[in-house]
Amino acid sequence: MPETFKTAPPRNGKARPERGGETSFREEICLPFLLKAQNEDGGWGYRLGQRSAVEPTSWTLLELASLSDSSAFEQAAGGAINWLLAGQLPDGSWAAYPDQKEGCWTTALAGLALHAHGRAQDAVAKGFEWLCDAWPGEGALWRRLQQRLFARSNAVRQNPSLRGWSWTPGTSSWVEPTAYTLILLHHLYPNELPRRVEKRRRLAEAMLYDRMCPGGGWNSGNPLDYGVAGVPLVVPTVWALLALQDHPARRENQASLEWLARACETMQGPASLGLAHICLAAYSRPAGSLEPTLRGLYAKNEFLGSVPVAAWAAMALGPECRWLSWQRRGTGQP
Amino acid sequence: MSVSNSQLLPSFKRPDAQVAIRRAEGYQANLSNLIYETLNEFGVSVRGQVVLLKANFVGPDPRGVVNTHPAVVGAARECFLRLGAKEVIVADGPALERDTEGILEMMRLREFIGPLAGSFVDLNIGDVRCVPLRTRASSLRELYLPEAVLRADFIVSMPKLKTHHWAGVTLSLKNMFGIVPGSCYGWPKNILHWAGITRAVLDITSTVRPDFAIVDGILGMEGNGPIQGVPKPCGVLVMGNDPVAVDATCARIMGLVPERIEHLAQASYLLGHLRDEKIRQIGESVASVRTPFEVLPSFRRLRAGGRHRGHSNCLA
């Protein structure tokens, strides 16, 4: 019989809509799996028994941030925080794996995870500085010239002057790394933004809207493909919507939420399903019952042993993710 | 990977290639027998080995035209197990979609290969190792690659017969993009686009050269591939142990001139045979199954009669 755990009460007394009683799968399966999968060095690998990596460690830490009353979880989180801090590169960034020498998209996730635990704010600030200095490659003068002179005019439709963040240094802006960094930015600068941070926020938000697929939703970042509308995907749509929570009434947000709600009806992967529920809850939208579906999917494939998927499922079934809510700029509303 | 097959040999030192074209009118056909007979004809020996089937699972595919059909993957898996493989792993690292399990469930892969937890590996996530690239076509020099790929004894590239809006075609060589892990390089693996698709294909396949290729050409895709194109029934499986020769044969079936497809032309310097006279066809002839595929206007030059400027050798 797996150990069961207590979870923290809903933050700010606010429960997610339509989630009453949906905690047992999280407590019976997801949380014990995550505890079991932690490596001796404190981090998590992508799958049970694999070596620690920044992404799965960060997602698990973000899930653990919603838990309390268990020394087992506090100990697990402490070990993971130390593992992350030991892996920060001298320039402030995090690489995907500890033996790599160059920082990448995982820097924003590591920053979010540490920030969610209220720990190591200096390290988080240093990581964010690195992100602020990391401009994607499409902004380089030679690249812009090359695009202007040689681009196939109907291949893609996007404004290259609108830049967010790339997966790896020097490559193009894409939806997900841009969204992760924007979420971190919102937490680190809840009030007034320094000018250069404000510039990056403005460009990145504009870039996300520019990359939205016609009709709503996002794919990795190609809204138009040789004149044909790009097909939205669940995961990038979720992260773009979460990063753009400051603009809930915008037509693009609403259209994308509609698309996401429709997509929920046919989703067959636990990653999409869990993340979609997290996103719809963040926008206070009903999303139907999640636990039976997740249970059914787990019975089929055991989430393919994926630590990030188990963490997302646990987040979707647990209390509100505080790291996904911040004071909306200009509205004073959480 | 078998050492002999991963050797980089100039074409004049490489023995002639052999490519099998098998007719299969639909996915209900006895694909397992077709593949098993062909593997025996090639003398494929995998007893006691770990075989990795690198499929092409791009994303949600309600029309059944984007991804390698699970019936072909299931049949191949069964054949390699019949040949005595210790383990047969189905694997891919989708370029755009993070929810790999969602893709697999939508295409009902489980019905063809059994429980996914023990037989499928998501190459986007998991342990990786830094590998120096064996050629310097691109500026990449090294890549982190999945341990699952590096530990395999025998790698089979299993693409769909499709056009590709950047590379012209996406066949057994281009399919190897999928081994590059998203956990390191993102979704998509944009570092490869920045390095140049042709050059990156060459560096990856020279480092991890598939030992065998099985191309699902039963239902292909023409036009704006690899995702937004139009279904193109072609009714063939194309197989062989020289991935360049297999891709060249596929291109000829599609009505394209392989010498004009840049990454194939470049790959012929070190990775396999491109020229018709160096490829012995077994099974059906190219002419008997030729099905001209529509291509985007920017690739009309790939057709016989189109204007072509030639390529310089970036593997030299």
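A: A residue counts as buried if 20 or more other C-beta atoms, placed from the backbone, lie within 10 Å of its own, as exposed if 12 or fewer do, and as partly exposed in between. This is a predicted model, in which local features need a pLDDT of at least 70 and side-chain atom pairs count only at pLDDT 80 or more, while totals for chains, interfaces and linings use all residues. Residues are numbered from 1 along each chain as its sequence is written, and chains are lettered from A and ligands numbered from 1 in the order in which they are written. The model scores ipTM 0.93 and pTM 0.93.

The buried residues begin with A:Val307, A:Pro308 and A:Val309, continue through A:Ala310, A:Ala311, A:Trp312, A:Ala313 and A:Ala314, and end with A:Met315, A:Ala316 and A:Leu317. They pack against four helices of chain A, namely α1 (24-37), α2 (54-64), α11 (270-282) and α12 (291-301) (two residues are in contact if their C-beta atoms lie within 7 Å).

The loop between α12 and α13 of chain A holds A:Glu302 and also A:Leu304. A:Glu302 has a positive phi of about 50° although it is not a glycine. A:Leu304 is likewise a residue other than glycine with a positive phi, near 55°. A:Glu302 is buried, with 20 other C-beta atoms within 10 Å, and A:Leu304 is buried with 21.

Elsewhere in chain A, two pairs of helices can be described in detail. The axes of α9 (residues 234-243) and α10 (residues 251-264) come within 11 Å and cross at roughly 140° (axes are lines fitted to C-alpha atoms over the stretch in contact, and angles run from 0 to 180 degrees between N-to-C directions). On α9(A), the contact is made by A:Val234, A:Thr237 and A:Leu241, while α10(A) contributes A:Asn253, A:Ser256, A:Leu257, A:Trp259, A:Leu260 and A:Ala263. These residues divide into six nonpolar, three polar and no charged (Ala, Val, Leu, Ile, Met, Phe, Trp, Tyr, Cys and Pro count as nonpolar, Asp, Glu, Lys and Arg as charged, and the others, Gly among them, as polar).

In the second pair, the axes of α4 (residues 106-116) and α7 (residues 175-188) of chain A come within 9 Å and cross at roughly 30°. Here A:Ala108, A:Leu109, A:Gly111, A:Leu112 and A:His115 of α4(A) meet A:Pro177, A:Tyr180, A:Thr181, A:Ile183, A:Leu184 and A:His187 of α7(A). By class, this contact has seven nonpolar, four polar and no charged residues.

Chain A also touches chain B, in a contact that takes 40 residues from chain A and 31 residues from chain B. On the chain B side, the elements giving two or more residues are α4 (100-106), α6 (116-119), β4 (120-122), α8 (182-185) and α9 (190-195). Of these, α4(B) gives the most, with four residues. The chain B side comprises 14 nonpolar, nine polar and eight charged residues. In the loop between α8 and α9 of chain B lies B:Pro188, and the peptide bond to B:Pro188 from B:Trp187 is cis, with omega near 10°.
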